[in-house]
Amino acid sequence: MELERVPVDVIGCSKTYADGTRGLLATTLAVEAGEVLALLGPSGCGKTTLLRLIAGLETPDPGGRIVFGGQDVSDRPVEQRGIGMVFQSYALFPHMTVEANIGYGLRIRGVGKAEERRQVGELIDLTRLGGLEKKRPGELSGGQRQRVALARAVAVRPRVLLLDEPLAALDAKLKESLRDELAELLRRLHITAIHVTHDQQEAMAIADRLVVMSAGRIMQIGLAEDLYRAPKHAFVAEFLGRVNRLRRAPDAMAAGQLRLGGASFACPPEWQGQDTLFVRPEDLQVGAPQPGWGEARIEQRMFLGDRVRLKLQLPEQDPLTADVGRDNAYRPGDTVGVRVDPDRLMSSQESMA
Ligand code: ADP
Ligand code: MG
C-alpha cells in the first residue's frame with residue numbers, strides 16, 4: 001500500500017485554554033517527511049495539546065499555523081487534514097470484528113463494499129493479521145489489538161499518523177514488547193508519525209528524533225543519542241536518565257579542575273566557569289584504589305539484575321551513584337577507586353533545579 005508522506009510544520013503555535021491555562025507556549029517545530037518523532041515530557045507539559053493542534057482537534061491562539069507538505073491546513077477541520085490517530089489502549093470498537101474495525105474509516109467515507117474488502121485485505125497482510133479477520137478485539141492479544149489500531153488508522157491513507165500514549169495503560173513487560181513491535185511497524189509503513197509519550201525508553205525505542213518538552217515549551221530536539229550524551233539543559237539530562245551532580249569548589253575552578261575523592265581531573269576548557277557538572281552513573285568508573293584515581297567508600301550496593309548500582313561517599317561531593325557490571329563484588333564499607341573521563345562530563349546552561 002502506497003502512503004503519502006509529508007513534512008509537518010508547526011509555526012508559532014501556542015494554546016491558551018478557555019479557563020486561561022497556557023497549555024502550550026509559542027512553539028515552532030519541523031517534522032521531516034517519513035520520520036517518526038516523539039514528543040516526550042512529564043504529564044501536563046503540553047504534549048497532547050501540541051498533538052491536538054496538529055490534528056485540528058484544537059485551535060491555536062491567533063497567529064499560529066499548521067502546515068502539511070507546504071500546504072497551510074490551519075483552517076481545515078480535523079477530517080480534512082488527512083491524519084490517522086491511535087489513542088491510549090487503542091480505543092477499538094469492541095463489538096466489531098477485526099475487519100470491520102479496520103474498514104470503519106473507509107465505510108464512513110462511502111467507499112464501496114468490494115473496494116473496502118480489497119483495501120482491508122491489503123492492510124491485514126501488511127499488519128500480519130491474517131486468519132483473525134472475524135475475531136473481536138476482546139479475543140485478541142495486546143500485540144494483535146495494536147496492529148488492528150494501526151491498520152484502522154492508516155486505512156484512510158493519512159498523510160500524518162498521530163499517536164497519543166497508546167502504550168501508557170499496559171504493564172511493563174507487555175509494554176516493552178509492543179513498543180518494539182510498534183517501532184518495527186512504523187518503519188515498515190514509513191509514514192510521518194508523531195508519537196506522544198512520557199516514557200523516555202519508549203521514545204528512544206520508537207522515534208528517530210525526540211522533542212523533549214517541559215512546562216508548555218520545547219527544551220531540546222534531536223537524536224536520542226545526542227540528547228542523552230550532550231543535553232543542553234539539566235532538565236533534559238535528568239529526564240532521559242539518571243545524573244549525578246559534581247560540585248566544583250572555587251579553588252578547583254581556579255585550577256581548571258574537578259575534584260573527586262581526593263584526586264583532580266581535567267575539566268573541559270569550555271566549562272571552566274561552571275560550578276556544577278553532571279555525569280551519568282554508568283560513566284563513573286569504579287575499580288581498585290590506584291594512583292591517579294580518587295577514593296570513595298561504598299555506602300550501599302543494589303543488585304539490579306543487568307547491573308549493580310553503588311552509592312558512593314566521597315569527601316568533596318554529595319553521595320554519587322555509580323552503575324557497574326553485574327559481576328562486581330564490591331560491598332558496603334569497601335574503599336574503592338573512582339575516576340571520570342573528561343569527555344563523559346556533561347554541562348548545562350541552566351543550573352539544576
Ligand atoms: P500532556 O499531554 O503533556 O500531559 P496536556 O497537553 O494534556 O499535557 O496539558 C497541558 C496543560 O494544559 C496542562 O496544564 C493541562 O491541565 C492543561 N489542559 C489540557 N487540556 C485542557 C483544557 N481542555 N482546558 C484547560 N486546561 C487544559
Ligand atoms: Mg497527554
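**Exercise 1: A sheet and its helix**

In this predicted model, R217 of β10 is the bridge partner of S214. Identify the strands that this bridge belongs to, the sheet around them and the helix that packs on that sheet.

Solution. 

1. Strand β9 comprises residues 209-214 and pairs with β10 in the antiparallel sense; six bridges connect the two.

**Exercise 2: The partners of β19**

Determine which strands are joined to β19, and in which sense they run.

Solution. 

1. Strand β15 (residues 284-287) is joined to β19 (residues 335-340) by four bridges, and the two run antiparallel. Within this region, G287 has G337 of β19 as its bridge partner.
2. Strand β16 (residues 294-303) also runs antiparallel to β19, again with four bridges. Here G294 stands opposite V338 of β19.
3. As background, strands of a sheet pair through backbone hydrogen bonds, either parallel or antiparallel.

**Exercise 3: Packing of α2 and α3**

Classify the crossing of helices α2 and α3, and describe the residues that form their contact.

Solution. 

1. The axes of α2 (residues 98-108) and α3 (residues 113-126) come within 9 Å and cross at roughly 125°.
2. Angles of 65 to 115 degrees count as roughly perpendicular and those over 145 as roughly antiparallel; α2 is therefore oblique to α3.
3. The crossing of the two helices is right-handed.
4. From α2, the contact involves V98, E99, I102, G103, L106 and R107, while α3 contributes E116, Q119, V120, L123 and I124.
5. Sorted by type, the residues of this contact comprise six nonpolar, two polar and three charged.

**Exercise 4: The buried residues of α2**

List the buried residues of α2, state what they pack against, and examine the residue that follows the helix.

Solution. 

1. V98, A100, N101, I102, G103, G105 and L106 are the buried residues of α2.
2. These buried residues pack against α3 and α4 (142-154).
3. G110 follows α2 and has a positive phi, near 80°.

Notes. Residues are numbered from 1 along each chain as its sequence is written. Chains are lettered from A and ligands numbered from 1 in the order in which they are written. This is a predicted model: local features need pLDDT of at least 70, side-chain atom pairs count only at pLDDT 80 or more; totals for chains, interfaces and linings use all residues. Side-chain values use heavy atoms; hydrogens and water are left out. Two strands pair if DSSP finds at least two bridges between them. Axes are lines fitted to C-alpha atoms, for helices over the stretch in contact, and angles run from 0 to 180 degrees between N-to-C directions. Angles under 35 degrees count as roughly parallel, over 145 as roughly antiparallel, 65 to 115 as roughly perpendicular and the rest as oblique. A crossing is left-handed if the near helix is turned anticlockwise from the far one by less than a right angle, and right-handed if clockwise. Contact means heavy atoms within 4.5 Å. Ala, Val, Leu, Ile, Met, Phe, Trp, Tyr, Cys and Pro count as nonpolar, Asp, Glu, Lys and Arg as charged, and the others, Gly among them, as polar. Buried means under 20% relative accessible area, exposed over 50%, partly exposed in between (1.4 Å probe, protein chains only).
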